[in-house]
Amino acid sequence: MLIMSYCIKIVYIEGVANIGLGEPQSLSNAPEQANRSVRFRKLEQVRFYQGWSKALQDCGSPGRMFATASIWFCVLGFEVDSINSVQFSNHTGYSHWKGQVLTADELHVLYEGIKLNNVNHYDYVLTGYTRDTSFLEMVVDIVQELKRANPNLVYVCDPVLGDHGSMYVPQNLHPVYKNKVVPVADIITPNQFEAELLTGKNISTEKDAVEVMDLLHKMGPDTVVITSSDLPPRLGDRFLVSFGSKRILMPDGTRTTQRIRIEVPKVDAVFVGTGDLFAAMLLAWTHHYPTDLKTACEKTFSVMHHVIRRTISYAHEMAGPGRRPSPAQLELRMVQSKADIEDPTIVMEATVI
């Protein structure tokens, strides 16, 4: 997806599903009959986004906006153009889905069209999930070309490889991320497993986490946020530990590094698309706080907290007492969270380490 903020532009390449958020993995058959409440909500979301598109041009198509969070970039002052790497009927947290996957050649054709109109001037690139090495390599080629045109361009990458010790993309993507993608990225948002995979170093202590982030810095990115880890939290076992590190170039030419630790509450539910939302919000808040990693992370994690808490409340209300919410009921409540996305109350406080 291409995203612009004020005079700042971003390229954001991500998937689209008509309902909610998802990490697309493989195609399946659509159900014979769609869930009635889901179909209604899909139409409601489309009307919402069409309304915003009139006021905020180039915010992208209505599709999987909650995943890409492109409308929320608009809310935060960014103009958005998008390239959809997939277009699915719904996210893959449902039992069935249908849709299309954009190939590397098709991505190239779309980008060539942008170039022909001389509108390929962007300041940010944001990418998420992909399963194809050739597509990922095409993304790298585009990023490098955009950086030649604008050396100050910032590439934000969520290096989606796996979690909890298991990969959920083909293994041949690992060397592409490690040797080609991460070296051109400026901000990356791996989880612990992905950070370990990219550096070859295990994280068992806070010191290890800092060393892994330093290794990732040496590979290229100036900002690294490890979104979750298995390290023991100081606030108790109902929390997860995350880390952040940012290298800053000082006016005298020297570099300093900001490092933070933040603990966030665990949630007993499965959501689809939180990684997309996290990367989008981190991009937005690091843009507004370019030299203050602590505040940018507190804003980002607080948005996530507000959205997830509101989603859980709505889901349990719809499911009814004693019933587990369905995937449709666990769609992230983004529209209802507009105020929190625009100006989140800080409820997640980071510690400088």
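Two residues are taken to be in contact when heavy atoms of theirs lie within 4.5 Å. The model discussed here is predicted.

**Thr223 and its surroundings**

Leaving aside the neighbours within four places in sequence, Thr223 is in contact with Asp186, Ile187, Ile188, His217, Ser245, Lys246 and Leu293. Thr223 belongs to strand E10, which covers residues 223-229, and with a relative accessible area of 1% it counts as buried, because that value falls under the 20% limit. The side chain of Thr223 is also joined to that of Lys246 by a polar contact of 3.1 Å.

**Pockets and cavities**

Rolling a probe the size of a water molecule over the atoms shows where empty space is left.

| Space | Volume | Lining by class |
|---|---|---|
| Largest pocket | about 1400 Å³ | 21 nonpolar, 15 polar, 9 charged residues |
| Second largest pocket | about 530 Å³ | 8 nonpolar, 5 polar, 6 charged residues |
| Largest cavity | about 60 Å³ | 8 nonpolar, 4 polar, no charged residues |

The largest pocket is lined by 45 residues, and those nearest its centre are Asp163, Ser228, Phe271, Thr274 and Gly275. Two or more residues of this lining come from each of helix H7 (192-199), E10, strand E11 (239-249), strand E12 (255-265), helix H9 (274-288) and helix H10 (293-319), with H10 providing the largest share, 5 residues.

For the second largest pocket, the lining consists of 19 residues, of which Asn152, Val154, Asp186, Asp222 and Lys246 are the closest to its centre. Asp186 and Lys246 are also among the residues in contact with Thr223. Both E11 and H9 supply at least two residues to the lining of the second largest pocket, and E11 gives the most, with 4 residues.

The residues that line the largest cavity are Ile13, Ser85, Thr127, Gly128, Tyr129, Thr130, Phe135, Leu136, Val139, Tyr155, Cys157 and Tyr177. Helix H5 (133-149) and strand E6 (154-157) each contribute at least two residues to the lining of this cavity, with H5 giving the most, 3 residues.

Technical notes
Residues numbered from 1 in each chain as written. Predicted model: local features only at pLDDT ≥ 70, side-chain atom pairs only at ≥ 80, totals over all residues. Heavy atoms only, no water. Buried < 20%, exposed > 50% of the residue type's maximum accessible area, 1.4 Å probe, protein only. Polar contact = N/O pair within 3.5 Å; in protein donor to acceptor, adjacent residues only side chain to side chain. 1 Å grid on protein atoms, 1.4 Å probe; cavity = no way out; pocket = protein on both sides within 12 Å on 5 of 7 lines; lining within 4 Å. Points joined across faces, edges and corners; volume = space filled by probe spheres on them. Nonpolar A, V, L, I, M, F, W, Y, C, P; charged D, E, K, R; others polar.
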